[in-house]
Structure formats: structure tokens, C-alpha cells
Amino acid sequence: MFEDFTIRDAEINDLPVIVDIYNSTIPGRLVTADLEPVSVESRMQWFNDHSPAFRPLWVLEMHDKICGWVSFQSFYGRPAYNNTAEISIYIDQNFRGKKLGKFLIQQAIDACPKLGIKTLLGFIFGHNQPSIKLFNCFGFEKWAHLPNVAELDGIERDLLILGKRIV
């Protein structure tokens, strides 16, 4: 099934689609702590913080259409943490439920040695059971539970940090 899909490094002209996919998750209050849609301009620095050899931003395509993306981001921004990265995965709403999240997580794990990453983290809301189950399938474990640190539409939500050693 995945032979029709390709993963490549994101280019600046992909950013509007990346932002659209991200913004499509905001109303569900399940995936992101943003409460209003973000702009392409507001995500420029985030985009520029990625680099193919250290902290890649990949897009997943099928027949030249971007179906999802995965981001590796530095954890805590200090050099001692360079071997640790947070991954974020977002799938276009028309492609959800097709096991693309599993495909992207496996690709991310497989790339870690080349990227010098020994630890992967996922920051996931405690009520986001689909994402928790997805990460658990790959051996991620709950490393931190931050109770009631987010408020979405008047409801306090927990944040979980799921981690996996890649060595």
C-alpha cells in the first residue's frame, strides 16, 4: 500500500499545505494547543528551524499531493539535549485512518541513527487516545504526566510526554 507514497524534505513552497493540514486539527481540540488557525507567516521561523541533516521536516506525498508531514524538533534547545528530538505527525483529514501515522513513525525511528537521535519524544494530550495508542505500538512509554496544564474551551487537559530510546 505504501509504495504509492514518497517522503521527502519539505520545501518552502510546501509550507501553505503544511499549515493547512495543521490548522485542520485545531477545531477538534485533540491534537494541538493552538486555539485559532495559524498563518504561514507565523510558521516561517519554525520551518527555518528544520534542517534535513539534523532536524528534518518531511512531507508525505501520493501522486504529488501532500498527505501528511512529520517534524523533528529540538528538545529544550540546549546542546546537551542534541541527541533527543520531539516528533510531531500530522495527516491530512482525507488520509486519516489509513495507517499513514504508523508508516511515518516507523520512517522516523529508522532515520534516527543517521540523524544522531537516541531519544524520541511525543508530546500528546492525555485525552488523545488515538495518538497515545499509535505511539504505544512502537514502544513509546509514558515518561511524564503534566496534569491540567492546558485549557481548551474551558476544559483543563493533561499533557503526556511519551518517550522511546533508539539505540
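This is a predicted model: local features need pLDDT of at least 70, side-chain atom pairs count only at pLDDT 80 or more; totals for chains, interfaces and linings use all residues.

Colleague: Which side chain meets R8 at 2.7 Å, N to O?

Modeller: That is D14, and the two form a salt bridge. D14 counts as buried, at 6% relative accessibility.

Colleague: And what does E61 form with R8?

Modeller: Also a salt bridge, with the closest N and O atoms 2.9 Å apart. E61 sits in strand β2 (residues 57-62) and R8 in strand β1 (residues 5-9), so this pair ties together parts 53 residues apart in sequence. E61 counts as buried, at 11% relative accessibility.

Colleague: Which residues end up linked in a network, then?

Modeller: R8, D14 and E61, through salt bridges.

Colleague: How many salt bridges does the count come to?

Modeller: It comes to 3. One of them joins the side chains of D153 and R29, at 2.9 Å from N to O. D153 is in the loop between β6 (141-152) and β7, while R29 is in the loop between α1 (15-23) and α2 (44-48), so the pair ties together parts 124 residues apart in sequence.

Colleague: Is D153 buried or exposed? And R29?

Modeller: D153 is exposed, with a relative accessible area of 56%. R29 counts as buried, at 18% relative accessibility.

Colleague: Switching to K164. Where is it?

Modeller: In strand β7, which covers residues 155-165. K164 is buried, yet it has no salt bridge.

Colleague: How far away is the nearest side chain of opposite charge?

Modeller: 8.7 Å, and it belongs to E141.

Colleague: So what does lie 2.8 Å from a polar atom of the K164 side chain?

Modeller: The backbone oxygen of F138.

Colleague: What else is K164 in contact with, leaving aside neighbours within four places in sequence?

Modeller: The contacts include I109, K118, T119, L120, F140 and W143.

Colleague: How many residues does α3 have, and how far does it reach?

Modeller: Helix α3 (residues 100-115) has 16 residues and reaches 22 Å from its first C-alpha to its last. That is close to the 22 Å expected at 1.5 Å a residue.

Colleague: What comes just after α3?

Modeller: G116, which takes a positive phi of about 75°.

Note on methods: Residues are numbered from 1 along each chain as its sequence is written. Side-chain values use heavy atoms; hydrogens and water are left out. Helices (H or I, at least four residues) and strands (E, at least two) are DSSP runs, numbered from the N terminus. Buried means under 20% relative accessible area, exposed over 50%, partly exposed in between (1.4 Å probe, protein chains only). Lys and Arg count as positive and Asp and Glu as negative; His and the chain ends are not counted. A salt bridge is a side-chain nitrogen of Lys or Arg within 4 Å of a carboxyl oxygen of Asp or Glu. A polar contact is a pair of N or O atoms within 3.5 Å; within protein, one must be able to donate a hydrogen and the other to accept it, and residues adjacent in sequence count only if both atoms are side-chain atoms. Contact means heavy atoms within 4.5 Å. The expected span of a helix is 1.5 Å times one less than its number of residues.
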